[in-house]
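Morning, everyone. I have one structure to go through today, so let me put it on the screen.

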Amino acid sequence: MTIWEALAVFAAGVGAGGINTVVGSGSLITFPVLLGVGLPPLTANVSNSLGLVPGSLSGALGYRRELRGQRRRLVRFGAAAAVGGLAGAIALLALPSSAFDAIVPVLVGLAVLLVAVGPRLSAAVRARRPEGVRHPEGGPGLLVGLALASAYGGYFGAAQGVLYLSLMGLLLDEELQRLNAVKNVLALVVNGVAAIFFLFVAHFDWPAVGLIAAGSVIGGQIGARLGRRLSPTALRVTVVVVGCVALAQLLIR
């Protein structure tokens, strides 16, 4: 790796760390760069997963104020994310990429739509829900949805945050910024579980891992400062725009 290639990977890590903290989809920055500097797709994917772990931690710490009072929720959702993330990591090595890639654009497109219409859809669901059957934490359906989104995250992870925000925004009566804080923790869990699994069964490019890790830590702090200042409407618009860009790139590649 030349000095210019190393700078490009580091810069991609900064960008990915920032955008992952605010919305998600940071892998759409780092993954193409890693391919561009000559890494094989599988090596690029697993190196990217491990490199983004420190950035996820940085972003979660940046949102620690919004995490207050959500410990029980984090434990429940984190357990579902860990199971899903491990399943996705196993699928990455066991299944042909075409089997999963076919559904990825559909998932991202649906997630963007749910984020865009989330407030109205949530209000309609609450209005039609009979008294006494409301689930304060989203119920089993949310846990299953988060586990499936985490399986996708363990497999590749682009727009994983959009999936999380769309699911939680639809099924939880909670401020979007607090849900964004939860999203960052779930991304940390999934990246961490997948990275630990890959350590035993896959080959990493350690210079790339180190450069992405260093950049994503910086980006995570920048993203937390910027993201926490966005209004709910601005954050929702940002999620939709980034999700649309992610969808377009997934359809083109």
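What volume does the largest cavity have? About 230 Å³. Before I go further, please keep in mind that this is a predicted model. The count of cavities of 30 Å³ or more comes to two, and I will stay with the largest one.

Which residues are closest to the centre of the largest cavity? They are Asn20, Ser56, Gln160, Ala187 and Asn191, out of 22 residues that form the lining. By type, the lining of the largest cavity has 17 polar residues, four nonpolar ones and one charged residue. Several helices contribute to this lining: α1, residues 3-22, then α3, α4 at 53-62, α9 at 160-171 and α10 at 176-201 each supply at least two residues.

Helix α3 covers residues 41-51, and Asn45 is found in it. Is Asn45 buried or exposed? Asn45 is buried, and its relative accessible area is 7%. What is Asn45 in contact with, once we set aside neighbours within four places in sequence? The list is Phe31, Leu92, Tyr155 and Phe156.

Now to charges. Side chains of opposite charge can pair when their charged atoms come close. How many salt bridges does a search of the whole structure find? It finds three.

Take Glu174 and Arg73, whose side chains meet in a salt bridge at 3.1 Å, N to O. Arg73 lies in helix α5, residues 71-94, while Glu174 lies in the loop between α9 and α10, so this pair ties together parts that are 101 residues apart in sequence. The two partners can also be described by their accessibility. Arg73 is buried, with a relative accessible area of 9%, whereas Glu174 is partly exposed at 25%.

Glu174 has another salt bridge, with Arg178, where the closest N and O atoms are 3.0 Å apart.

Why does Glu66 count as buried? Its relative accessibility is 11%, and buried means under 20%.

To go back over the main points: the largest cavity is lined by 22 residues, Asn45 in helix α3 is buried, and Glu174 pairs with Arg73 and with Arg178. That is what I had for today.

Key
Residues numbered from 1 in each chain as written. Predicted model: local features only at pLDDT ≥ 70, side-chain atom pairs only at ≥ 80, totals over all residues. Heavy atoms only, no water. Helix = DSSP H or I, 4+ residues; strand = E, 2+ residues; numbered from the N terminus. Buried < 20%, exposed > 50% of the residue type's maximum accessible area, 1.4 Å probe, protein only. Contact = heavy atoms within 4.5 Å. 1 Å grid on protein atoms, 1.4 Å probe; cavity = no way out; pocket = protein on both sides within 12 Å on 5 of 7 lines; lining within 4 Å. Points joined across faces, edges and corners; volume = space filled by probe spheres on them. Nonpolar A, V, L, I, M, F, W, Y, C, P; charged D, E, K, R; others polar. Salt bridge = Lys/Arg side-chain N within 4 Å of Asp/Glu carboxyl O.
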